[in-house]
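Me: I am new to this structure and would like to go through it in short questions and answers. Please start with the overall make-up and then take single places in turn.

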Amino acid sequence: MQADRTRKSRTTKRSYDDSPDTAESFRRLATLPAGPERSALCQELVVAWMPMAVRLARRFRHRGETFDDLAQVAQLGLVKAVSRFDPSLGSAFPSFAIPTILGEVKRHFRDDLWVVHVPRRVQELRGQVRSADYELSATRGGVTSAVPEIAAHAGLTEAEVRLGQGALEAYTAWSLDAVPGHPTDGHPLTDTLGGVEPDFDLIVNREALRPLLRALPAREREILYMRFFCEMTQARIGLQLGVSQMHVSRLISRTCARLHDQVMAETRGAKRAA
């Protein structure tokens, strides 16, 4: 007899004190046109069912999101449920509202909390890979499963498993002050960041000038080569070409100014095209 009572207690549906009797209010809501009266009644219904939304949000409180944010998302789902519920279909409001609220919370996790946005298919692969790995590990005492084993268990290809595993690390991000590994002998992630490479600008400038230098007249190109690549003085260049040092100086200044104007014009044109 005691066993029967135990089984009965286990199968008895759990009841909550956050399910008010609002059937009459929903029937009245269905007859009201859009306007202040309908908006006020909707607000009353949302307030009445708010404890249920908070209870549902509490299911997700250990998944990395603050409870206040979860409660707000659940309340948004409740507002949608109240506005869309049709009592003429014969179902009770919780039967309609609970999937709506849970769907809104799950959508929040799926679309708003990823540090790196990934396609929906990759998000699904992440869940499949994680579930399969957990199930396999549970039967092997926590031993990590190989990619082929996860693929066979989940019915995926090995490429899909690797894609899902990559997405496991895209959901959250580490602080740059975090110390991977053992904190006593590790180093913060900031120590792994490289500095600004001073030669990048030089490379960019050279590549921008390369076609313009090729288009210069041979004499001007030769003068620039001797001055900037061979590091010859202007006097020596003038002596080699049979012209004065002043003439070499004017040629260099005029050529450099023309090259500068051409590069700046191309840069402005590229920005306008973008």
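**Overall make-up**

Reply: The chain has 12 helices and zero strands. The model is a predicted one.

Me: What percentage of the residues in the chain is buried?

Reply: A residue counts as buried when its relative accessible area is under 20%. The chain has 274 residues. The buried share of them is 26%.

Me: Among contacts between residues at least 6 apart in sequence, what share joins residues at least 24 apart?

Reply: A contact here means heavy atoms within 4.5 Å. Taking the contacts in the chain between residues at least 6 apart in sequence, the share that joins residues at least 24 apart is 51%.

Me: Is phenylalanine 85 buried or exposed, and where in the chain does it lie?

Reply: Phenylalanine 85 has a relative accessibility of 10%. The cut-off for buried is under 20%, so phenylalanine 85 counts as buried. Its place is the loop between helix H4 (67–84) and helix H5 (93–112).

Me: Which residues does phenylalanine 85 touch, not counting those up to four places away in sequence?

Reply: Phenylalanine 85 and alanine 30 are 55 residues apart in sequence, with 8.7 Å between their C-alpha atoms. Leaving out residues up to four places away in sequence, the residues touched by phenylalanine 85 are Phe26, Ser91, Ala92, Phe93 and Phe96.

Me: How far apart in space are valine 147 and glutamate 158, C-alpha to C-alpha?

Reply: Valine 147 belongs to helix H7 (residues 147–154) and, at 16% relative accessibility, counts as buried. Beyond four places in sequence, valine 147 touches Glu158, Val161, Arg162 and Gln165. Valine 147 and glutamate 158 are 11 residues apart in sequence, and their C-alpha distance is 6.2 Å.

Me: How are H7 and H8 set relative to each other?

Reply: Val147, Pro148, Ile150 and Ala151 of H7 meet Glu158, Val161, Arg162 and Gln165 of H8. By class, this contact has five nonpolar, one polar and two charged residues. The axes are 9 Å apart, and the packing angle is about 105°. Angles of 65 to 115 degrees count as roughly perpendicular, so H7 and H8 are roughly perpendicular.

Me: Into which classes do the residues of the contact of H6 with H8 divide?

Reply: The axes of helix H6 (residues 120–139) and helix H8 (residues 158–168) come within 8 Å and cross at roughly 95°, which means that H6 is roughly perpendicular to H8. From H6, the contact includes Arg121, Val122, Leu125, Arg126, Val129 and Arg130. From H8, it includes Glu160, Val161, Leu163, Gly164, Gln165, Ala167 and Leu168. By class, the residues are seven nonpolar, two polar and four charged.

Me: Which helix supplies the largest share of the lining of the largest pocket?

Reply: The largest pocket has a volume of about 630 Å³. Of its 17 lining residues, the closest to the centre are Arg206, Leu209, Arg210, Leu213 and Phe229. Helix H9 (200–214), helix H10 (218–229) and helix H12 (245–273) each supply at least two residues of the lining. The largest share, eight residues, comes from H9.

Me: How do the residues of that lining divide by class?

Reply: The classes are nonpolar, polar and charged. The lining of the largest pocket divides into 11 nonpolar, two polar and four charged residues.

Me: What is the phi of glutamate 231?

Reply: Glutamate 231 lies in the loop between H10 and helix H11 (234–241), and it is exposed, with a relative accessible area of 66%. Most residues other than glycine have a negative phi. Glutamate 231 is not a glycine, yet its phi is positive, at about 55°.

Technical notes:
Residues are numbered from 1 along each chain as its sequence is written. This is a predicted model: local features need pLDDT of at least 70, side-chain atom pairs count only at pLDDT 80 or more; totals for chains, interfaces and linings use all residues. Side-chain values use heavy atoms; hydrogens and water are left out. Helices (H or I, at least four residues) and strands (E, at least two) are DSSP runs, numbered from the N terminus. Buried means under 20% relative accessible area, exposed over 50%, partly exposed in between (1.4 Å probe, protein chains only). Axes are lines fitted to C-alpha atoms, for helices over the stretch in contact, and angles run from 0 to 180 degrees between N-to-C directions. Angles under 35 degrees count as roughly parallel, over 145 as roughly antiparallel, 65 to 115 as roughly perpendicular and the rest as oblique. Ala, Val, Leu, Ile, Met, Phe, Trp, Tyr, Cys and Pro count as nonpolar, Asp, Glu, Lys and Arg as charged, and the others, Gly among them, as polar. On a 1 Å grid over the protein atoms alone, a cavity is a set of points where a 1.4 Å probe fits but cannot get out, and a pocket is an open set with protein on both sides within 12 Å along at least five of seven lines; lining residues have an atom within 4 Å of a point. Grid points are joined across faces, edges and corners, and a volume is the space filled by probe spheres set on the points.
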